[in-house]
Amino acid sequence: DLFDALQNAPMPLPTVLSVGRSRVVAQKVAGAIAPLATVHGIYGVDFSEVTFLAALRLIHPRPQVLLFGGGYSDDEAERAEVVFKDFWTEMEADADEENGRTTTFIRVKVGTLEGGGPGAVIAFIKDEITKTFPTQ
């Protein structure tokens, strides 16, 4: 019956919102982590809390993972993390179906790409996703 089918259905992949300065880098990262997550992205030279919050509200399913690129300052990363956490606090208060949703903030540190190359960035991101979503 339907209930049994739903119980045995595979868990959906977590949704990632990738925020970065480079669309090319983000597309390569998205391709590499595609088996672990569904990835959406916003890109720009300057980080905008308004644009970021709009993306969080418009993307469905709501992003469970915020992947924040190394091209932004630590201050911008801290602001993004606060907006992300506040967004989920608001969503959980407003919608019962969102309660208990697992979320995580992944910050690619400045210099990770230059220090270890693309492979180091991908390995770090995959490790962070699988720590939070071990069935992926």
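These are my notebook entries on a predicted model, written in the order I looked things up.

**Entry 1: the sheet**

I began with the strands. Four of them form an open sheet, ordered β2-β1-β3-β4, and the pairing is parallel. Which strands sit at the edges? They are β2 and β4, each of which pairs on one side only.

Helix α2, residues 23–33, does, and it touches β1, β2 and β3. The direction of α2 makes about 170 degrees with that of β2. Helix α3 lies across β1, β2 and β3 as well, running at about 165 degrees to β1.

**Entry 2: strand β4**

How many bridges join β3 and β4? I found four, in the parallel sense. Leu67 stands opposite Ile106 of β4 in this part of the sheet.

Are the faces of β4 covered or open? Both are covered: on one side Thr104 and Ile106 are buried, and on the other Phe105 and Arg107 are buried. I then picked out Thr104, which belongs to strand β4. Its relative accessibility is 14%, under the 20% cut-off, so Thr104 counts as buried. Setting aside neighbours within four places in sequence, I find Thr104 in contact with Gln64, Val65, Leu66, Phe84, Thr132 and Phe133.

On to helix α3, where I wanted to know which residues are buried. Phe52, Ala55 and Leu56 are. They cover an arc of only 100 degrees around the axis, so they lie on the same side of α3. This goes well with a general point: an α-helix has 3.6 residues a turn, so residues three or four places apart point the same way.

And the face turned away from that buried side? There α3 carries the exposed residues Val50 and Leu58. I made a note of this pair, as nonpolar side chains in soluble globular proteins tend to be buried together.

**Entry 3: the cores**

I then went through the nonpolar cores. The largest has 18 residues, and Val19, Phe52 and Phe68 have the most contacts inside it. β1, α3, β3 and α4 each supply at least two residues of this core. Which element gives the most? That is α4, with seven residues.

There is also a second, separate core of 14 residues, with Val29, Leu67, Val121 and Phe133 among them.

I went back to Phe68 to list its neighbours. Not counting residues up to four places away in sequence, Phe68 touches Val19, Phe47, Glu76, Ala77, Ala80, Phe105, Ile106, Arg107 and Val108.

**Entry 4: aromatic pairs**

My search of the whole structure found six aromatic pairs. One of them is Phe47 with Tyr72, an edge-to-face pair at 6.2 Å centre to centre, with 70 degrees between the planes. Why did I single this pair out? Phe47 is in the loop between β2 (38–43) and α3 (49–58) and Tyr72 in the loop between β3 (65–68) and α4 (74–94), so the pair ties together parts 25 residues apart in sequence.

**Entry 5: two loops**

I finished with the loops. Gly71 lies in the one between β3 and α4. With a relative accessible area of 44%, Gly71 is partly exposed. I also looked up a separation here: the C-alpha atoms of Gly71 and Thr112 are 9.9 Å apart, and the two residues are 41 residues apart along the chain.

My last stop was Pro61, in the loop between α3 and β3. What kind of peptide bond joins His60 and Pro61? I find a cis one, with omega about -5 degrees.

Definitions and conventions: Residues numbered from 1 in each chain as written. Predicted model: local features only at pLDDT ≥ 70, side-chain atom pairs only at ≥ 80, totals over all residues. Heavy atoms only, no water. Phe/Tyr/Trp six-rings, centres within 6.5 Å; stacked < 30°, edge-to-face > 60°. Buried < 20%, exposed > 50% of the residue type's maximum accessible area, 1.4 Å probe, protein only. Pairing = 2+ DSSP bridges. Contact = heavy atoms within 4.5 Å. Arc of directions from axis to C-beta. Core = buried A, V, L, I, M, F, W, Y, C linked by side-chain atoms within 4.5 Å. Axes fitted to C-alpha atoms, helices over the stretch in contact; angles between N-to-C directions.
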